[in-house]
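Me: I have a structure open and want to talk through how it packs. Can we go helix by helix?

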Amino acid sequence: MKWTDTQRIAEELYDLHGDSVDPKTVRFTQLRDLIMALPEFDDDPARCGERILEAVQQAWIDEAE
């Protein structure tokens, strides 16, 4: 997975952390760490930015609802 795979990342985060992390209150630093810890994630950490994290967070919120 790459940073641009926002929907897939959101689905994985929901599957792994749906019961323990609220996507509405997660800090971007924590979200970045959660994404980089995903088993299939293999992108350069330097390519991550606020816009990507916002998109992932919104997709995760949508997935949770």
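Me: How are H1 and H2 oriented to each other, roughly parallel or roughly perpendicular?

Reply: H1 and H2 are roughly perpendicular to each other, a label for angles of 65 to 115 degrees. Their axes cross at roughly 90° and come within 10 Å. Axes are lines fitted to C-alpha atoms, for helices over the stretch in contact, and angles run from 0 to 180 degrees between N-to-C directions. Helices are DSSP runs (H or I, at least four residues), numbered from the N terminus.

Me: Before I go on, what kind of model is this?

Reply: It is a predicted model, where local features need pLDDT of at least 70, side-chain atom pairs count only at pLDDT 80 or more, and totals for chains, interfaces and linings use all residues. Residues are numbered from 1 along each chain as its sequence is written, and side-chain values use heavy atoms, with hydrogens and water left out.

Me: Which residues in H1 and H2 meet?

Reply: From H1 there are Ile9, Leu13 and His17, and from H2 Leu31, Leu34 and Ile35. Contact here means heavy atoms within 4.5 Å. The residues of this contact divide into five nonpolar, one polar and no charged. Nonpolar covers Ala, Val, Leu, Ile, Met, Phe, Trp, Tyr, Cys and Pro; charged covers Asp, Glu, Lys and Arg; the others, Gly among them, are polar.

Me: And H1 with H3, at what angle do their axes cross?

Reply: At roughly 55°, with the axes coming within 8 Å.

Me: Switching to the core. How many residues does the largest nonpolar one have?

Reply: The largest nonpolar core has 17 residues, and Ile9, Leu13, Leu31, Ile35, Phe41 and Trp60 have the most contacts inside it. Such a core is a set of buried Ala, Val, Leu, Ile, Met, Phe, Trp, Tyr and Cys residues joined through side-chain atoms within 4.5 Å; buried means under 20% relative accessible area (1.4 Å probe, protein chains only).

Me: Which helix gives the most to this core?

Reply: H3, with four residues.

Me: What does Phe41 touch?

Reply: Not counting residues up to four places away in sequence, Phe41 touches Met1, Lys2, Trp3, Ile9, Ile35 and Met36.

Me: Last one. Where is Gly49?

Reply: Gly49 is in the loop between H2 and H3.

How values were computed: Buried means under 20% relative accessible area, exposed over 50%, partly exposed in between (1.4 Å probe, protein chains only). Helices (H or I, at least four residues) and strands (E, at least two) are DSSP runs, numbered from the N terminus. Angles under 35 degrees count as roughly parallel, over 145 as roughly antiparallel, 65 to 115 as roughly perpendicular and the rest as oblique.
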